[in-house]
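Trainee: I have a model to go through. Can we take it step by step?

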Amino acid sequence: MMRLLLTLSLLIGLAAQAAKKMDLETHDLVINKLEGVTGNLQNTDAQQLPVLLRLADLYADRARLRAMAEAEKSCTDGCLGSLSDRQRALQIYQRAFQQSDKTQQGRLLLQMSHLYQSIGQTDQAAKLLHQIINAGAARYGRQTLGMAYNTLGEIEYRDSRFTQAKYYFGRAFQERSIPRRGFALYRLAWSNFNLGNLEAAIEQMTTLLSSRELLNLGDGATPEGHNSFNEDVARDFATFLARRPMTADHINLLLKLTPEPIRRSNLFYLATEAERLGQKSSAILIWMTYTKTGNLQNLEPLEIQIRLAQLHFDLGQKNQAVTEYQKATQIWKTQGCSQEEECNELRIRLRNFVTTWNRLEKKNPSPQLLQVYQSYGDVFPKDVEMHFWAGQIGQTKQQFEDAVRSFAKAADLAQAELKSGKSHLDQPTLQRLLAGSLLGEVEAAESTKKLPIKIAAYNHYLALLPQGARAADIRYQIAHTLYEDGQHREAAEQFRRLAVDARLSNPKLGEKSADLALDSLVILKDDQNLERWSLEFAGYYSNRRLEYLRIARKSSINQSALVINNSKSSKTDQARALDRLSSVNLAGASDAERASYYRNQMILAVRTRNLEKVRGSAEQLLKIKSVSAGDRDEALKNLIWVAELNLDFGTAYRLTRDELAAGKQARNHALDLRLAMLAELAGRDPNPHFFQYLEKTNSLQQANLVRIQLIRRSRQPWRELDKHLSQLKRTPALLAQIALEAQARQKNLRRLEQIVRVPGVENTPSGQVMARQLAYRTLDQRAQSVSRHQLDRRSDSRLQKSIRQRMTALAQLEALAADAIRARDWTMQALTLKVLATENRRFYRDLLALPAPKGLNKKQREEYQSILAHQADPYIRMARDYDGRVNDLWNQSDAAARLERDFKDGRRELRPLVQSEAARLASAAPTSNLAVRLKKLAQASTPNPDAQEIRELKADLQRDPFNQSLLLELKSLEEKRGSDTMVAFLDSRLEQLAKEKKQ
């Protein structure tokens, strides 16, 4: 019986040792011991070979662990000893090689080859592989031979030596015993593809896709053989096929060999790839096949018709192109289009198809071009430019009455869009279209030589463009008729207006009109207007006292400039100068004078915060055609500034996008980000501007900050994060931050685990929080395993086994606690140590409760109980020790206060994680007060601020845009509802106010 008890004690001690994790320290310990053993073993000793192999394996495994640690530290020179471990492993493997049989030697050669590749000695690795090949299958076996060929193929493939890779992969594939044989065939096909052997590559891909056995790489294939490898191969097969002309048989072969879940998407990919590679006839055939598959989604029928029209046009098949184009416009006309962003893109493509055709046939348009114009116009009757171009075609084809109608329609549409301010075209473009359409209408009408048509065209011109290039001639004739008819007052007004309007466009006609205007006033004896108009005309024409008005204007402008340039001028001085400047008569001023006038007025208005004057002067400055680029930008910036002060973000966005950005040949990065911010504040989609920024910036940090915004805006944060993962991996802190937010919004521990494994992530604060989320899962599993375990008393052997199981489970919990301590993770320490205290105390009670074996006398039972108490005593001591450590942890850190701060001050998206942690810690809190406090935090809610209150506050701020108190109050409310962009905007406003106060 005593031997039984001693055996039980020994088993407990050995089990505790066995339960320990093989970490680096354990590796060190075992390696040191085995190194000592090998030193004492003779070459003839039968135990030497197993010891050498085990020691080499340990060195190789420790090298792997050290390499992982080196990767985390981003050191590439074996700074933690991975290189030396691999070199030592190689030495031992080489020593063991001499004592091994041929089966072991084959494995050792492959292992040593792998180690040589790991330390960058590829040539030496290849030499060992060739040693296997030279020896042949008779010595090392066919599987080892095949693996050697396959590894050589991978070495050559990585170095883009595809001819050699092709040879080795071919030999490897011949060996049917090698694992993952299908992947060797896959590499062989790609080698042929890269060498230009397209047909061979296609044949090999066909063989691979036709074999369920080859497609199964042992990583979870379905019964049908469909797995991720299967899908990748199918997609690559489409890539191969798209390189050559295709028939229906090729397409059907692809469909047959493609797994059903991705069959349609792969066919779609094949069609687009064929288009990209210029296989236009093939692309047409594929699109037709795709259409016949049915179940087309949303806008796919429309998009495919547009593609087919373009493909037929590219092949010179104009009639077929018209037919396909008409089908597309008919789909739009009958079914409509409700998805705004996609519909806009498709409309642009429909439009570009016509305009591109027009550009190619501009000098000699074909009848088919007129047909597509008509089809487009039937669906989009309000497209100004298309009607204008249709008019041009009518003129070219000498169909003048059709041209008159098209030009008239274009002019009316341009005028309507100018008035409404709602157009995808900027105002200068619309104005040019208006003028060009009216001029085209007049010219076409004149070509008809029909008086009613010409009169209607003249009246239309004057109604829509009274200041147009031909308007002055027409107006002069009307005014002269009034003059001869004795209607001198009306004639005088019209002559005066014509004199003013024609001073630049037609000065001879303008001066003649000015003479007749003054003649009319003489007849009317209107001396007051005669004097005023004479002075006014003197400003328009060099022989009419222009110098005096110019001097007066220049004096007023110069005075304003003195105030502007005087650093000591007060706000009062600037306000007075603004008032004086506003009274100047600008009639007849040159563009340069007008630009100087409005520039100075704008500067004074900005300094005196006269927002209405800022807006008015900036708008006037922009009307000057010859305004400098600098003045134009400054005027636009001030208009945008006024719009932002009035919280009119829609106007600020439009001006920045359509006016300020359009005036720059190359938009800078900051402008793209500014557009994104304004778009979001205006309730628009900022993503297009984020994408433009990403295309231009060279700053990885800034680009990834933008990518974070894209992810935050997405309803599927993990899906959006995957799109940018390759770039975000290069900034681990940012990746960790956004991944944590994604987890808070959409829990996915599998994805979280993948992110944590990215080098550098786990060392960041957010990465540590993510690691903790994963650790919770492990803690829950291990705690549940221990808490449910019961000792099996049915026999001594079962009892001993269950004790070992309990000790193993406790050891796993201890390892988790050790990980938390090493990571300095307070929360995991508190939770894990609490569980350890509870479970060690229960184990102590369970051991004491074990009944004595039958057949013992009283003394033996007392001795048994004493030994049992002695064996159980460490567990009650450990329980007390863990209790003490838990109390120390809570005494050293106010966890509740920290979590409350994180909940209050942290990002809104992360609050669920804070509350989840609070709920866990509540169960481990040492006092009821702390537990209640943490539970309260776990159940807390954060109501959004009242929307009406925010609206009223914004209205107050619009009336008083420089009120710092209002800005701060609005910022506080926007922070509470998580409006990051609005908060950033208000911060910039507050910073600007602070700068102005310092100045």
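This is a predicted model: local features need pLDDT of at least 70, side-chain atom pairs count only at pLDDT 80 or more; totals for chains, interfaces and linings use all residues.

Trainee: In which helix is the place of Leu 346?
Mentor: Apply that numbering. The run that spans residues 340-360 holds Leu 346. That run is helix H19.

Trainee: Is Leu 346 buried or exposed?
Mentor: Buried means under 20% relative accessible area. Leu 346 has 5%. Its contacts beyond four places in sequence are Leu 299, Leu 302, Glu 303, Ile 306 and Trp 332. With a relative accessible area of 5%, Leu 346 is buried.

Trainee: What separates the C-alpha atoms of Leu 346 and Leu 299?
Mentor: Along the chain, Leu 346 and Leu 299 are 47 residues apart.

Trainee: Which hand has the disulfide of Cys 337 and Cys 343?
Mentor: The sulfur atoms of Cys 337 and Cys 343 are 1.8 Å apart. Cys 337 is partly exposed at 25%, whereas Cys 343 is buried at 5%. The torsion about the S-S bond is about -95°, so the disulfide is left-handed.

Trainee: How many disulfides does the count come to?
Mentor: Cys 75 and Cys 79 also form one, with sulfur atoms 2.0 Å apart. Counting bonded cysteines along the chain, the pattern is 1-2, 3-4. The count comes to 2 disulfides.

How values were computed: Residues are numbered from 1 along each chain as its sequence is written. Side-chain values use heavy atoms; hydrogens and water are left out. Helices (H or I, at least four residues) and strands (E, at least two) are DSSP runs, numbered from the N terminus. Buried means under 20% relative accessible area, exposed over 50%, partly exposed in between (1.4 Å probe, protein chains only). Contact means heavy atoms within 4.5 Å. A disulfide is a pair of cysteine sulfur atoms within 2.5 Å.
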